[in-house]
Amino acid sequence: MGFEEGGGVRSGFRCLTRRKQVDSDRVRAEEGHHQLAKALSVPQLVAIGVGATIGAGVYVLVGTVAREHAGPALTISFLIAGIAAALSAFCYAELASRCPSAGSAYHYSYICVGEGVAWLIGWALILEYTIGGSAVARGISPNFALFFGGPDSLPSFLARVSIPGLDIVVDPCAAILVFVVTGLLCLGIKESTFVQSIVTTANVCVLLFVIIAGGYIGFQTGWVGYTVAGGYFPYGVNGVLAGSATVFFAYIGFDSVASTAEEVKNPQRDLPLGIATSLSVCCLLYMMVSVVVVGLVPYFAMDPDTPISSAFARNDMQWAVYIITSGAVLALCSALMGSLLPQPRILMAMARDGLLPSFFSDVNVRTQVPVKSTILTGIFAATLAFFMDVSQLAGMVSVGTLLAFTIVAISILILRYVPPDEIPLPSSLQESIDSVSIRYSVQNNGEKADSLGNTGSSENQFDGPSQEINKESVNYPLIGKEINPEHVNEQTRRQKAAWSIASVCLGVLILTTSASYTFLPDFLRYLACSVGGLLLLGGLFVLVWIDQDDARHNFGHTGGFICPFVPFLPVCCILINAYLLVNLGAGTWFRVSMWLLIGVLVYLFYGRTHSSLTDVVYVPAAHAEEIYRTSPDYVA
């Protein structure tokens, strides 16, 4: 029973669409993995989320976005971007509480969508965290040098050095910092989050200083930034929205909280609280800082590189520059820890599933962290930070994050409307599966015989299609479909839901692409936008009209957070993220495509054949517990 192995394209498609089970205590015990330490609660999760989100970007974005897009309405841009990020946070919160295991978006997409999509998401996240960590590390040394008197004042063993003839500038300071953070992460999750909590708290204190001291100066000087001739919206509503699209990336980082799900003491309660609190704190700090800074200096006079420092310097507070620079360094250090923390756990999750070598899944018995994956991640990130100026590759970081946000929203739709109704069981349970199959075939045949006897049906009713149905029920009673009106209606509902979700995704892709590609002829753009809009609205209407699946109440670990306003909220999330993805630029997509192509080759030649789902039997979820109970190795 289960999937019959075909050949060629059909077999390959089944590999891409096979889905794994939500990790339960029984599954983890069978796989024999060392577990990560459950040491995190809400305060630690908030420290991880805030630390990974608030990087040095806030110290720069304020000036750039205010000058070029939003003007004094920068606060509104941060608010809109925060609301857009909250849509993804709601989706993450439900999946993290239902599926509290390492891997974040990779793990969720493997359960809800399939192995092929999960592999691409995991591979893209590896790129995101590696380049993100390296870029952050390269940004620390210029800020750190200000404490020694200027950009070129670092000690010789930390200073950047240009290699003649190779056009390469090595950065020893960046590599050393990556190695320090890597060593800290290897000590244990409790130790590393303690340090990150201290660094994040110090950074938040610097931002509070900016808000309080800047507010005092603003009241003393009359908030000159809000008295400019252009008014509050000098660039109009379009400028505010363009600014929102830019500052949206300042909220990226709360997904790091979800990557630590397996190390949380009470994931059903603490993960949603940690995600929501960290995002709320970041949004509030961003808005308050922007309110103050754009009020101290007219937006057109802001320094695009050091807007906060220059704003204080213009008001005779030169000494505050050192405090603000300290905040930038602390923010970068915290963001570095936030970038290097999730990647080993994603590698570990992929190795547990057999898609990567088992080397990456080893968990140190003493520290209860994936030490080998952490060290390898640190070496690779340090090497990249030492030799390469990765600022040109920074756009690639956004691709991995936005793809993850998009697939998490799609996973919510799948979970609510068409959750997996079959689960994979190891082939070692084949004897129990056959035993239960025989029992159900006897029961089905007995019920049919009684029904025929009671109604006086003639023997010719076995002719035609009914014979094939009975034959299928005898051979594969657990995966054969019972022919009754309720089951037919449920299958019809699931088919409508699946096609509607596909229609929404296709409509979003067509709509965002045609709206963004302004080089296309107007007629073609309007036609494509109309088609995409109709597909999107049609799919959304059907999802609103039909009922959600009753199995969603028992899917995964119950009792946690439930995403509200489904299907509207996930569909809005998909639309926003797809629009941002389409507008990242051709150069970024070309570089990301090269990386994803390498990932496809790795999957084809290794992951596909070594997957833990290669030799499994899929059975209806309703019969799984009975199969386990009839197993000779069952322990109550």
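In which helix do E94 and R98 both lie, and how many residues apart are they? Select helix α5, residues 74–98. Both residues lie in this helix, 4 residues apart, which is about one turn. Bear in mind as you look that this is a predicted model.

**Stop 1: the pair in α5**

Show the side chains of E94 and R98. They form a salt bridge, with the closest N and O atoms 2.9 Å apart. Are these two residues buried or exposed? E94 has 0% relative accessibility, so E94 counts as buried. R98 is buried too, because its relative accessible area of 6% is under the 20% cut-off.

**Stop 2: the whole chain**

Zoom out. The protein chain has 636 residues, and 52% of them count as buried. Colour by secondary structure: the chain comes to 24 helices and 4 strands. Contacts come next. Among those with a separation of 6 or more, 85% are between residues 24 or more positions apart.

**Stop 3: more salt bridges**

How many salt bridges does the structure hold? The count is 13. Select E263 and R345 for another of them. Their side chains meet in a salt bridge at 2.8 Å, N to O. This pair links distant parts of the chain, 82 residues apart. E263 sits in the loop between α11 (255–259) and α12 (267–296), while R345 belongs to helix α15 (residues 342–352). Both E263 and R345 are buried.

Go on to K372 and D362. Here too the side chains meet in a salt bridge, 2.8 Å from N to O. K372 lies in helix α16 (residues 371–387) and D362 in the loop between α15 and α16, so this pair ties together parts 10 residues apart in sequence.

Then select D421, E490, R493, R494 and D549 together. Salt bridges with shared partners join these residues into one network.

**Stop 4: a serine in α20**

Select S500, which is in helix α20 (residues 485–516). Its side chain reaches the backbone oxygen of K496 at 2.7 Å. Which residues does S500 touch, leaving aside those up to four places away in sequence? They are G539, V542 and L543. S500 is buried, with a relative accessible area of 6%.

**Stop 5: helix α9 and its end**

Select residues 189–221, helix α9. This helix has 33 residues. From first C-alpha to last, α9 reaches 47 Å, close to the 48 Å expected at 1.5 Å a residue.

**Stop 6: an isoleucine in α14**

Select I323, in helix α14 (residues 320–340). Not counting residues up to four places away in sequence, I323 touches V206 and F209. Relative accessibility is 29%, so I323 counts as partly exposed. The C-alpha atoms of I323 and S309 are separated by 9.0 Å, and the two residues are 14 apart along the chain.

**Stop 7: aromatic rings**

How many aromatic pairs does a search of the whole structure find? The search finds 24. Select F248 and F405. Their ring centres are 6.4 Å apart and their planes stand at 85°, so this pair is edge-to-face. F248 lies in the loop between α10 (236–247) and α11, and F405 in helix α17 (residues 394–417), so the pair ties together parts 157 residues apart in sequence. Both F248 and F405 are buried.

Now try F359 and F360. With centres 5.5 Å apart and planes at 85°, this pair is edge-to-face. F359 is partly exposed, at 38% relative accessibility, whereas F360 is buried, with a relative accessible area of 13%.

Technical notes: Residues numbered from 1 in each chain as written. Predicted model: local features only at pLDDT ≥ 70, side-chain atom pairs only at ≥ 80, totals over all residues. Heavy atoms only, no water. Salt bridge = Lys/Arg side-chain N within 4 Å of Asp/Glu carboxyl O. Helix = DSSP H or I, 4+ residues; strand = E, 2+ residues; numbered from the N terminus. Buried < 20%, exposed > 50% of the residue type's maximum accessible area, 1.4 Å probe, protein only. Contact = heavy atoms within 4.5 Å. Polar contact = N/O pair within 3.5 Å; in protein donor to acceptor, adjacent residues only side chain to side chain. Expected span 1.5 Å × (residues − 1). Phe/Tyr/Trp six-rings, centres within 6.5 Å; stacked < 30°, edge-to-face > 60°.
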